[in-house]
Amino acid sequence: KKRRPTSTSVEVAPFSVPLRSEAKVALGVPVNADNVLVRLRTSDGVIGYGEVSAYSPVMSETQGTGLALARPLGSLLVGRDPFDLPQLLDGMIHISPRSSGIIAAFEMALWDLCGKIAGQPVYRLLGAARESFETDCTVFLDSPEAMARIAVASTISPSNRATTAAAIRIQITSSSNWRRRRTQEEVRGASSSRFGPQRARAAAT
């Protein structure tokens, strides 16, 4: 029986990406995405990649903490079968249970290795039971009209754009010395859509 390759080296590197536009949120206005890249290599030369973009106001992690934790976390993986992923993940969580970002970067690299070793896309390793899935998109603070445009562009897929009707309602109310602005966007899939009616709402206060 052929043995599966084991992880032989762990590399991490910082890289910061300047944002192309202002990413204004209630917690501040970041100007860079300060990321950490993880690269795992196996005894057969297969390389798996993972990354994390640590935003400290949300994650309580920074690029610096990710780099500092890379050595103890990465040491758990050397000499191990990437397919031992559940045990490896438990070990990393035991070392630093509050560092979900950098741990996720290592987990991502392990899944990448597993997919490449198996010759299968990762979504098949995860079950491939669904043809679609839910995700989210952050709409940065701006005027209600601008946020509505971004919400619609992020929600309607190009394949359904021609058959999808979008209704945008913008409500602006005033109360004493402050103004509460609410943008609500509803997207309804056409009745002939493959997935049936679809709704998405984006609200900003």
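## Legends to the close-up views

**A70, with a relative accessible area of 5%, is a buried residue (buried means under 20% relative accessible area, exposed over 50% and partly exposed in between, with a 1.4 Å probe and protein chains only).** The model shown in every view is predicted, so that local features need a pLDDT of at least 70 and side-chain atom pairs count only at pLDDT 80 or more, while totals for chains, interfaces and linings use all residues. Residues are numbered from 1 along each chain as its sequence is written, and side-chain values use heavy atoms, with hydrogens and water left out. A70 belongs to helix 2 (helices, H or I with at least four residues, and strands, E with at least two, are DSSP runs numbered from the N terminus). Once its neighbours within four places in sequence are set aside, A70 is in contact with V12 and F106, where contact means heavy atoms within 4.5 Å. From A70 to I102 the chain runs over 32 residues in sequence, yet the two C-alpha atoms are 7.6 Å apart in space.

**The chain as a whole, as a setting for the views that follow, has 6 helices and 5 strands.** Read from the N terminus on, these elements follow the order β-β-β-α-α-α-α-α-α-β-β. The chain has 205 residues, of which 30% count as buried. Among contacts between residues at least 6 apart in sequence, 53% join residues at least 24 apart.

**The largest nonpolar core is made up of 20 residues, and those with the most contacts inside it are L40, M92, I102 and F106.** Such a core is a set of buried Ala, Val, Leu, Ile, Met, Phe, Trp, Tyr and Cys residues joined through side-chain atoms within 4.5 Å. Apart from neighbours within four places in sequence, I102 is in contact with V36, V38, V52, E61, G66, L69 and L73.

**The second largest pocket has a volume of about 300 Å³.** A pocket is found on a 1 Å grid over the protein atoms alone, as an open set of points where a 1.4 Å probe fits, with protein on both sides within 12 Å along at least five of seven lines, and its lining residues have an atom within 4 Å of a point. The lining of the second largest pocket has 17 residues, and P30, N32, A33, S53 and Y55 are those that lie nearest its centre. Strand 2 (32–42) and helix 1 (56–59) are the elements that give two or more residues to this lining, with strand 2 giving the most, 3 residues. Sorted by class, the lining holds 10 nonpolar, 5 polar and 2 charged residues.

**N35 is a residue of strand 2 and counts as buried, at 5% relative accessibility.** With neighbours within four places in sequence left aside, N35 is in contact with A13, P14, F15, V17, E51, V52, S53 and Q63.

**S7 is placed in strand 1, which spans residues 7–18.** With a relative accessible area of 2%, S7 is buried. Its contacts, when neighbours within four places in sequence are left aside, are with R41, T42, L77, V78, G79, R80, P82 and L113.

**S99 sits in the loop between helix 3 (85–95) and helix 4 (100–118).** The relative accessible area of S99 is 8%, and the residue is therefore buried. Its side chain and that of S96 are joined by a polar contact of 2.5 Å, that is, a pair of N or O atoms within 3.5 Å of which, within protein, one must be able to donate a hydrogen and the other to accept it, with residues adjacent in sequence counting only if both atoms are side-chain atoms. Residues up to four places away in sequence not being counted, S99 touches E61 and L69, and S99 lies 9.9 Å from T62, C-alpha to C-alpha, across 37 residues of sequence.

**S60, in the loop between helix 1 and helix 2, has a positive phi of about 60° although it is not a glycine.** Most residues other than glycine have a negative phi. S60 counts as exposed, at 66% relative accessibility.

**A104, a residue of helix 4, is partly exposed, with a relative accessible area of 33%.** The C-alpha atoms of A104 and E51 are separated by 7.8 Å, although these residues are 53 residues apart along the chain.

Key: Grid points are joined across faces, edges and corners, and a volume is the space filled by probe spheres set on the points. Ala, Val, Leu, Ile, Met, Phe, Trp, Tyr, Cys and Pro count as nonpolar, Asp, Glu, Lys and Arg as charged, and the others, Gly among them, as polar.
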